[in-house]
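Open the model in your viewer and keep the sequence panel beside it. This tour moves from stop to stop, telling you what to select and what is there.

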Amino acid sequence: MRLIVISVVSGFLATGSLAFFLYKKIDRIISGLLAELSTLRREIGELKSELKAVKTKPVSSSSLSRSKNRSYSSVNTLSDEYEDALDFDESFSSTTFSNVLRPQQFESVDELLNGNRSQKETAFQWLNSRYEENCTNPEYLWRYAKALVEHCHQVNGDKEQEKQLVFKAKDVAFQSLQLNPNCSAAHKWYAIALGRVGDFLPLNDKIKNGFLFREHIEKAIEINPEDSTSYYLLGRWCFGVYMLSWLERKVAATLFASPPTSTAEEALQNFITSETLKPNSWSVNQLYIAKCYIQMSQFEEAADWFDKAYHNSHLDEEEQEVQKEIRDSYEKYKSYLKRKAE
């Protein structure tokens, strides 16, 4: 390569001492560049060797991409196994790692986001560090919004930090919607973020957001009618509107010509649909089915669903937080189970 460059340059130079001087100077520059290239090649080879060593390092359990129950010793950095599970070896080119995400990596991130809190935190840290490279990818953005909402569990009650997280989640989910308005998950997580933002807004703004919440949840269901979570969320909206206090209803009436209305029956229908799509998988959904029956004065049916929620073994960490309410309700209404049996 040096001879080719020198030949081309020499063809444009005059003969004599000036040509010789320029020849020597160019030769020194090229020699320096080739030395640097040799160093870079050596460093790339070392990185490849290190990557191969990481990939062949034995682990105590199966690959993360095949297990939803892996625990992680640290929520601040990615473990070697996690890096391997996200298939980073294919992202390695001759000079650099790529932070632009691919569909295979989203699958692994989804498993983490649906895992325990440690796994969700790992996903948050990973997504949070890749915003710049993926900020125009709607599939990345709604997952990042989800991770931001889930990260609220890690702030130990710091309301200011939680506020920053949910407002950012709302903005990120809205970016995803702008890029792909036909994404069910983007509509769902935008609605969820709107709901969480309401905790930091005055009552009138919270009620206004309620209309947007329902609009986007219904759109999410229209796009993906098989998502049980969306029906649960719509049920929660209906139940919440049905249970509005007198003051909240008066405020809503001053803001809107037709304030939001709903019934316990409408809420129940959505909770039952969620349960039908994913049976016995969510004790909180069963709790709200029971609550609807209480409002409808159908206490035996309510007791039956309190019983199901109480004995539901499929509990995640968030559901464990409502177990006291489930236990108390079960104890209060369990006598109706005997009446139903009779």
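Where is Asn280 found? Asn280 sits in the loop between H13 and H14. Keep in mind that this is a predicted model.

**Stop 1**

Is Asn280 buried, exposed or partly exposed? Asn280 has 35% relative accessibility, so it counts as partly exposed.

**Stop 2: the whole protein**

Zoom out now. How many helices and strands are there? The protein has 18 helices and zero strands. There are 342 residues in the protein, and buried residues make up 39% of them. Next, think about contacts between residues at least 6 apart in sequence. Of these, 62% join residues at least 24 apart.

**Stop 3: helices H13 and H14**

Select residues 264-277 for helix H13 and residues 283-295 for helix H14. Their axes are 9 Å apart, and the helices pack at an angle of about 150°. Because of that angle, H13 is roughly antiparallel to H14. The crossing of H13 past H14 is left-handed.

Now show the side chains where the two helices touch. On H13, pick Ala264, Ala267, Leu268, Phe271, Ile272, Ser274 and Glu275. On H14, pick Asn285, Gln286, Tyr288, Ile289, Cys292, Tyr293 and Gln295. Color them by class.

**Stop 4: beyond H14**

Follow the chain onward to Ser297. Ser297 lies in the loop between H14 and helix H15 (299-310). The phi angle of Ser297 is near 60°, a positive value in a residue other than glycine.

**Stop 5: helices H11 and H13**

How do their axes cross? The axes of H11 and H13 come within 8 Å and cross at roughly 160°. H11 is therefore roughly antiparallel to H13. H11 passes H13 in a left-handed crossing.

Which residues meet here? From H11, select Ser228, Tyr231, Tyr232, Leu234, Gly235, Arg236, Cys238, Phe239 and Tyr242. From H13, select Ala264, Glu266, Ala267, Asn270, Phe271, Thr273, Ser274 and Leu277. The contact of H11 with H13 divides into ten nonpolar, five polar and two charged residues.

**Stop 6**

Step back along the chain to Glu226. Glu226 is in the loop between helix H10 (203-223) and helix H11 (228-242). Glu226 has a relative accessible area of 57%, so it is exposed. Now draw a distance line from Glu226 to Leu277, C-alpha to C-alpha. The two are 51 residues apart in sequence and 6.8 Å apart in space.

**Stop 7: helix H8**

Select residues 159-179, which form helix H8. Lys159 belongs to this helix. Is Lys159 buried or exposed? With a relative accessible area of 52%, Lys159 is exposed. Draw another line, from the C-alpha of Lys159 to that of Phe200. It spans 9.0 Å, while the two residues are 41 residues apart along the chain.

Move to Glu162, also found in helix H8. Glu162 is buried, with a relative accessible area of 8%. What does Glu162 touch? Leaving out residues up to four places away in sequence, Glu162 touches Cys152, Val155, Arg196 and Phe200.

**Stop 8: helices H4 and H5**

Select residues 103-113 for helix H4, and residues 117-128 for helix H5. The axes of H4 and H5 come within 7 Å and cross at roughly 140°. H4 and H5 are therefore oblique to each other. Gln105, Val109, Leu112 and Leu113 in H4 meet Gln119, Lys120, Thr122, Ala123, Trp126 and Leu127 in H5. By class, this contact of H4 with H5 has six nonpolar, three polar and one charged residues.

**Stop 9: Arg130**

Finish at Arg130. Arg130 lies in the loop between helix H5 and helix H6 (131-134). Arg130 is buried, with a relative accessible area of 11%. Show its side chain along with that of Ser129. A polar contact of 2.8 Å joins the two side chains.

Note on methods: Residues are numbered from 1 along each chain as its sequence is written. This is a predicted model: local features need pLDDT of at least 70, side-chain atom pairs count only at pLDDT 80 or more; totals for chains, interfaces and linings use all residues. Side-chain values use heavy atoms; hydrogens and water are left out. Helices (H or I, at least four residues) and strands (E, at least two) are DSSP runs, numbered from the N terminus. Buried means under 20% relative accessible area, exposed over 50%, partly exposed in between (1.4 Å probe, protein chains only). A polar contact is a pair of N or O atoms within 3.5 Å; within protein, one must be able to donate a hydrogen and the other to accept it, and residues adjacent in sequence count only if both atoms are side-chain atoms. Axes are lines fitted to C-alpha atoms, for helices over the stretch in contact, and angles run from 0 to 180 degrees between N-to-C directions. Angles under 35 degrees count as roughly parallel, over 145 as roughly antiparallel, 65 to 115 as roughly perpendicular and the rest as oblique. A crossing is left-handed if the near helix is turned anticlockwise from the far one by less than a right angle, and right-handed if clockwise. Contact means heavy atoms within 4.5 Å. Ala, Val, Leu, Ile, Met, Phe, Trp, Tyr, Cys and Pro count as nonpolar, Asp, Glu, Lys and Arg as charged, and the others, Gly among them, as polar.
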